[in-house]
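Dear colleague,

Please find below the structure for your study. My notes on its strands and helices follow it.

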Amino acid sequence: MRNADDVNAQALPDAADALMQPSSDRAAWIPEEMEADKVWLHNFTDRELTEIHEAVENVERERLDFLDIDRDAFPLPHFTARLTEVRNELLYGRGFVLFRGLDIDHTNRRRAALAFWGISMHLGDVALSQNANGHALGHVYDLGQTRENPLQRGPYSREAIPFHCDWCDLTGLCCLNPAKQGGLNSIMSSVTVYNEMLEHSPDLVEALTHPIYRDRRGETPQGMDEWYAIPVFNVFDGWFSANLEPAMTDSVERFDEVPKKSTLEREAIAEIQRICDEKHLSMDFLPGDIQFINNHTTFHSRSAYEDYTEVDRKRHLFRIWLKCFDGRPLSHWFYDRNGPQGTVDRPGGIVRSDTVLTAPLVPSVHR
């Protein structure tokens with residue numbers, strides 16, 4: 001893996017970005033340009049698919065558990081070079097990619113999950129827990145949760161999810177079944193949103209450079225509060241990053257100890273949603289599509305959807321959260337969320353004292 005200092009020296013502009021100044025980050029893409037130039041779409045070649053299937057067969061022969069599968073256990077001799085390029089583009093460039101053409105075997109969900117997991121291990125370094133249950137292999141699947149529950153998590157409902165970020169460097173999604181109608185995945189460059197707001201509403205940007213409280217929704221590390229705070233817009237060592245969690249910034253106000261958001265902060269968060277709703281890139285997932293995004297430079301959302309009644313046809317995506325040790329530098333706010341200073345090698349994931357990593361093949365009720 002490339003050394004982070006080497007990457008930073010090559011990728012940073014001549015003058016390092018700073019808060020309240022326009023960002024020249026390479027992740028500042030324009031939706032219209034992405035629509036016109038599908039450089040972000042990679043169709044699997046026959047050779048790549050053969051390597052993926054051979055790697056899956058090897059894992060099956062060795063009877064490896066998901067958590068034991070790393071790059072070495074999932075060799076992709078030819079495809080690795082391309083995946084290294086994709087990783088660099090995810091971390092330091094455009095910040096997203098869509099792979100298309102993986103043939104999903106619905107009679108053997110484990111094989112589909114192994115293919116997704118193995119590819120993910122070539123793009124990230126560690127798979128993280130996505131909830132208090134320790135799910136390293138997650139599921140986006142309607143389990144009947146709604147916003148009426150203050151502990152609700154978006155992946156387990158069919159309601160619309162506003163533009164937001166996940167708590168990891170890279171999020172990966174693999175489509176098993178699309179929805180009957182709706183469920184559209186949309187993304188937007190958070191760098192572009194920041195630059196536009198800075199041009200037209202600098203007071204709103206300034207309001208979001210200060211810590212905004214968020215709700216942990218019961219997924220609380222030992223000895224920490226039920227909430228935490230982090231600015232929406234950050235620049236650290238010249239590197240831009242954003243963190244947006246509208247549902248968490250709303251529900252955190254159920255705690256009397258947490259100060260209410262100011263009128264300006266509410267207006268600023270609403271303005272982000274307005275810009276993203278107006279300007280974004282949408283992807284209608286097909287079975288076998290695999291998307292990866294960089295959460296530090298990309299906001300993402302999902303529209304509400306209508307599902308099939310048949311269980312085996314319901315909308316279902318695998319999900320993975322990935323940590324990348326050579327990812328862009330992050331401010332102390334990101335680290336503070338996970339634990340005391342000096343105890344976190346790279347922030348990300350949801351871990352309580354009783355969390356044990358697992359990789360379930362079926363969706364389960366989130367506690």
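How many bridges join β5 to strand β15? Two bridges do so, and these strands run antiparallel. Please note that this is a predicted model, in which local features need pLDDT of at least 70, side-chain atom pairs count only at pLDDT 80 or more, and totals for chains, interfaces and linings use all residues. Residues are numbered from 1 along each chain as its sequence is written, and side-chain values use heavy atoms, with hydrogens and water left out.

Helices (H or I, at least four residues) and strands (E, at least two) are DSSP runs, numbered from the N terminus. Two strands pair if DSSP finds at least two bridges between them.

The sheet. Strand β15 covers residues 298-302, and its H300 is the bridge partner of H164. Four strands form an open, antiparallel sheet in the order β5-β15-β8-β13. Because β5 (161-164) and β13 (281-283) stand at the edges with a single partner strand each, one side of each has no neighbour in the sheet. From one strand to the next, the twist averages 20°.

The helices. Helix α6 (residues 190-200) lies across β8 (185-189) and β15, at about 55° to β8. Such angles run from 0 to 180 degrees between N-to-C directions, with axes fitted as lines to C-alpha atoms, for helices over the stretch in contact; contact means heavy atoms within 4.5 Å.

The hairpin. Strands β11 (residues 233-236) and β12 (residues 239-242) pair in the antiparallel sense over four bridges. Two residues lie between these strands, and D237 takes a positive phi near 55°.

Yours sincerely
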